[in-house]
Each structure stands twice: as structure tokens, then as C-alpha cells.
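Student: I would like to go through this structure with you and ask, for each label, what it rests on.

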Amino acid sequence: MPPPFGIYVHVPFCATRCGYCDFNTYTASELAGDASSPDGWLAAARREIALAARTVGDRTVDTVFVGGGTPSLLGADRLSAVLAAIRAEFDVAADCEVTTESNPESTSPEFFAGIRAGGYTRVSLGMQSAARHVLAVLDRTHTPGRAVEAALEARSAGFGNVNLDLIYATPGETDDDLRRSADAVLEAGVDHVSAYALIVEDGTALARRVRRGELPAPDDDVAATRYELLDARLADAGLHWYEVSNWSRPGAECRHNLGYWRDGDWWGVGPGAHSHLAGTRWWNVKHPARWAGLLAEGALPEAGREELTADEQHTERVMLRLRLAEGMALDLLDEGGRAAADRAVTEGLLATAAHAQGRAVLTDRGRLLADRVVTDLLVAEGGPIGAAHR
Ligand SMILES: C[S@@+](CC[C@H](N)C(=O)[O-])C[C@H]1O[C@@H](n2cnc3c(N)ncnc32)[C@H](O)[C@@H]1O
Ligand code: SF4
């Protein structure tokens, strides 16, 4: 059985740039010319989808994820055209999960009805917070209530699978603000939540504000407390963690993202998109005009590629699988790694019962220290990380 195969499609447009974001995305004023317009992007995306189908052969598509940037800025017709192009070029599984990310302010009941008719099965909305002052620090342009309203509109349009993204530990956020955000998520009745502690990425407006002392840097201890608060609130309501930063109702896990975490294969269409097929990884040129230009010439829009060594594949496998609630088989580790896992059980970072059954599964405390646990296991295998596994 080949691993699941997904297609990721990157939409590089945003109405404005949020100060914390370093994704490959552009506002209209940063782009000029046809190749960088939504229609130019669509023409190029169709070319890359055709090229992907010729390269990959007869793989069945299990999942599609249109992300960004702000895919909802394309409108329902162009988003439907993306999926139609994939269907025209590939065999698509009957139960294919088809997600699009969307920003609350660029959605409407008509938009959701349009993408539903176009074949989308799942919507992921960037809510971030229910507190107006937190949204302001994050430069989000939607009102506190709009994300919940949009989630309800998506559900009314027939979407059973709706995700809301949250960011926690933003400077100025209080425990009560996060409680209200969690309550708002639950009020929206979604079946999936992704929540990330705010990361201050180099080169962003947020990093400059923190450096100038205008905003305090997010605090790790505060982030840990907020994570626990959110986890407890979501679990009480039947949304359980299945990856350290992702919660869902049983059966509503995002299959596309599970593909990334479980060694799946995927083709990334779009500027800057990354792909992975059987241990080879490559990534596209970042600028939308350059990406579209290469495709128009019939060339691969690739900027670079690498063949993962067995050690690198092992390191990735441990890093990604350990973050899942299902954990990983202890026999993936060598003797040194298994000894480190024994120590992590003693320290209360890995679960005793799962360990007795041959699996490494993070405890609640282990989730807060997931990176440390991963590092300990890999270093004990003859680290530094990635070095001489066998
Ligand atoms: C890159 S956005 C794309 C989707 C959409 N434009 C949006 O903003 O929701 C996907 C998610 O990444 C998360 N994200 C982006 N930058 C982040 C950062 N610096 N720290 C924490 N989360 C971040 C946000 O939760 C966001 O919803
Ligand atoms: S809307 Fe999303 S992708 Fe665009 S700048 Fe903000 S976080 Fe980044």
C-alpha cells in the first residue's frame, strides 16, 4: 500500500499583512502584473497541476488542502476551478478530504455555498482570538464575532468539518481572554481547533515592535498555562488533542495534515510550496511572478531539492510522530533512544501504560515539553540530532 497522497495548493494573496506572519504571501500593492493577479495565479496553478499529474503518474489523491495566504480572496469560482483542475488531471478518491483556509472577513454565506457546490468538504478559518484588543495587536481586520459567525455560516452551507485557528499568549492577552476565545469556538460548534502560541518570527513587524520595546515578548510560562487552560476547556467539550497543537471530535482529525505527520507523500502547487515524494523533498521559487513565468515556459518552478538520508528521515519521523496522541512505536528507536524513553517515563513525560505496550506517547506534561522529549530521544540515539543513527 503506498502512503496517502495529498495535494497542497498555496494561494499567495492577503488583503493586508498581519504583523506576526512570515508566510509567503503578498498584498496587492506588493504585486504588479498579470502573472501575479488571481487569474494569472489560477492559470499557472493549472499548469503545475498538469505537470504534477504527468510526474506522479497514477496516484489517487486522498486529500487536497488549499492554504495561504488567504484563499477566500480568490472567491468561490476560482477555488472551485482549482479543484476541477485537480479532478481533470488526477484520479481523486471518492472520500477525498478537500479543505480550504479562509479569513473570516472575506467569506459570506454565498461563498460557502459556492465552494460546497464546487466539492470542498472542509473549511479552516483564522479566528485567532475573541478579544478585540488581542486581534488589534495581531493586526487582524475582522471583528471579534465575525469568525464564529463565519463558522456558523459554513455549517449552514453543509460543511460538517470546520476548523477555527487560535493564537494564544499574545502580549496583552489574559487568561479570561483565552477562556472567552475557547467559549466562542465552542459556541461556533466546530469539530476541529488548531491553536499555536504566538511565535515572534524574525523580520516581521511584530519582531520589530518587540525589539523596540513597544510590546513585551510572549512568555513561555504564560504560554504553558494558557495551553493547559485551552486543552482542559476543549477536552471538557469533547474536542481531544490528536497532535500537540490540534484538537478534534473523534473522526474529525485533518487527514491532510496527518499525511504530513505520518510520512505521507504530497505535491505542493504554488509559489514557495514544498513537496515530498518517497524521501525526496523539493520546494518552488517563492515569488508568484517568477513561479508563473517558469510554468509558462514549460519549466519546473523548482528552487531546490534534497534527497533525505536514512538518518534525516528517521529524525523527521521521531519529531513528527511523537507530537501525535497515537505516539510512535518504541522499536523505531535504537537502544539508546529506548533508554531515554524509559527515563522520560520516570520523569512523567511519556505515558506509562502506552510504554508498557511498546509505544512512546506524551503525557499532559510531556506535551508542554514535547521539543525537549524529542531532543532527548534523538541525542540518546547517538546525537546530535540527525547524526549517525545506526
Ligand atoms: C498562515 S495562516 C493562513 C490562513 C489565513 N490567512 C489565516 O490567517 O487564518 C494559518 C495560521 O497560521 C497561524 N500563524 C501564522 N503565523 C503565526 C505565528 N507567528 N505564530 C503563531 N501562529 C501563527 C495562525 O493561527 C493562522 O491562522
Ligand atoms: S491573513 Fe493569514 S496568511 Fe495573511 S498575513 Fe495574516 S496570518 Fe499571514
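Tutor: A residue is called buried if 20 or more other C-beta atoms, placed from the backbone, lie within 10 Å of its own, exposed if 12 or fewer do, and partly exposed in between. Helices (H or I, at least four residues) and strands (E, at least two) are DSSP runs, numbered from the N terminus. This is a predicted model, in which local features need pLDDT of at least 70 and side-chain atom pairs count only at pLDDT 80 or more, while totals for chains, interfaces and linings use all residues. Residues are numbered from 1 along each chain as its sequence is written, and chains are lettered from A and ligands numbered from 1 in the order in which they are written.

Student: Why is Ala380 called partly exposed?

Tutor: Ala380 belongs to helix H15 (residues 370–380), and because it has 19 C-beta neighbours inside 10 Å, it counts as partly exposed.

Student: Which residues of H15 are buried, and what makes them line one face of the helix?

Tutor: The buried ones are Val373, Val374, Leu377 and Leu378. Viewed down the axis of H15, they fall within an arc of 125° (taken from the directions from the helix axis to the C-beta atoms), so they line one face.

Student: What covers the buried residues of H15?

Tutor: The cover includes helix H11 (310–321), helix H12 (335–346) and helix H14 (364–368).

Student: What is Ala380 in contact with, leaving aside its neighbours within four places in sequence?

Tutor: Contact requires C-beta atoms, placed from the backbone, within 7 Å, and Ala380 has such contacts with Gly336, Gly337, Ala339 and Ala340.

Definitions and conventions
Contact = placed C-beta atoms within 7 Å.
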